[in-house]
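Biologist: I would like to learn how to read packed helices. Please take me through an example.

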Amino acid sequence: MGNGKSSALSRGILEDLKLNTKYSEEELCTWYQSFLKECPSGRISKEQFENIYASFFPDADPKTYAQHVFRSFDTNGDGTLDFKEYIIALHLTSSGKTTEKLEWAFALYDVDGNGTINKKEVLEIVTAIFKMISPDDQDELPEDEDTPEKRTDKIWQFFGKKENDKLSEGEFIQGITENKEILRLIQYEPQKVKERIKEKKH
Ligand SMILES: [Ca+2]
Ligand SMILES: [Ca+2]
């Protein structure tokens, strides 16, 4: 179905997105036009993505976290986010089903992408999340989770894991589903983050 116009969304991608998200064809086409306005190349670079995060957190350091989030959305690993990856990201973070969100959270924590999560990877993401929490807010955290190390220990214990154990995707999802405390501790978008993004949108 050769489609000569580069500004039109290909039928294949459109059908794929309609199937995997709740968005309508109309919505997708409208977003595609505004996406192209923002990103004429049709791709979001890692730097652009970091800048978006930086604008949400003027007094924190969201760079590391933004890099991890970027990696988890860049499903084909080419170092950019195309429209399809961008829409899937939008879908996951707003209207995705719980299992979809947890699968994404798994991908976020599986830093090296080898299909399992070790304790070092949990520490890496939790550390990145901590950089987005202001010192004042960190002071208010419970004593047994007020540093990335303590919080990681707590998460790891909740999963019933020993120091050098690994977590499979199934264990990760099951653990979180059965224990809401883990969900709170691993939270990819801390509550404060959500509030700020909301404020910013108004
Ligand atoms: Ca990509
Ligand atoms: Ca891993």
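**Reading a helix pair**

Modeller: Helices α3 and α4 are oblique to each other; angles under 35 degrees count as roughly parallel, over 145 as roughly antiparallel, 65 to 115 as roughly perpendicular and the rest as oblique. This is a predicted model: local features need pLDDT of at least 70, side-chain atom pairs count only at pLDDT 80 or more, and totals for chains, interfaces and linings use all residues. Residues are numbered from 1 along each chain as its sequence is written, while chains are lettered from A and ligands numbered from 1 in the order in which they are written.

Biologist: At what angle do α3 and α4 pack, and how far apart are their axes?

Modeller: Two packed helices are described by the angle between their axes and the distance between the axes. Here α3 (residues 46–56) and α4 (residues 63–73) pack at about 130°, with axes 9 Å apart. Axes are lines fitted to C-alpha atoms, for helices over the stretch in contact, and angles run from 0 to 180 degrees between N-to-C directions. Helices are DSSP runs (H or I, at least four residues), numbered from the N terminus.

Biologist: Which residues make the contact?

Modeller: From α3 come K46, F49, E50 and Y53; from α4 come K63, A66, Q67 and F70. Contact means C-beta atoms, placed from the backbone, within 7 Å.

Biologist: Is G170 buried or exposed?

Modeller: G170 is exposed, because 9 other C-beta atoms lie within 10 Å. Buried means 20 or more, exposed 12 or fewer, and partly exposed in between. G170 sits in helix α10 (residues 169–178). The C-alpha atoms of G170 and E103 are 9.2 Å apart, though 67 residues separate them along the chain.

Biologist: How many of the 14 residues of α2 are buried?

Modeller: One, so α2 lies largely in the open.

Key:
Helices (H or I, at least four residues) and strands (E, at least two) are DSSP runs, numbered from the N terminus. Two residues are in contact if their C-beta atoms, placed from the backbone, lie within 7 Å.
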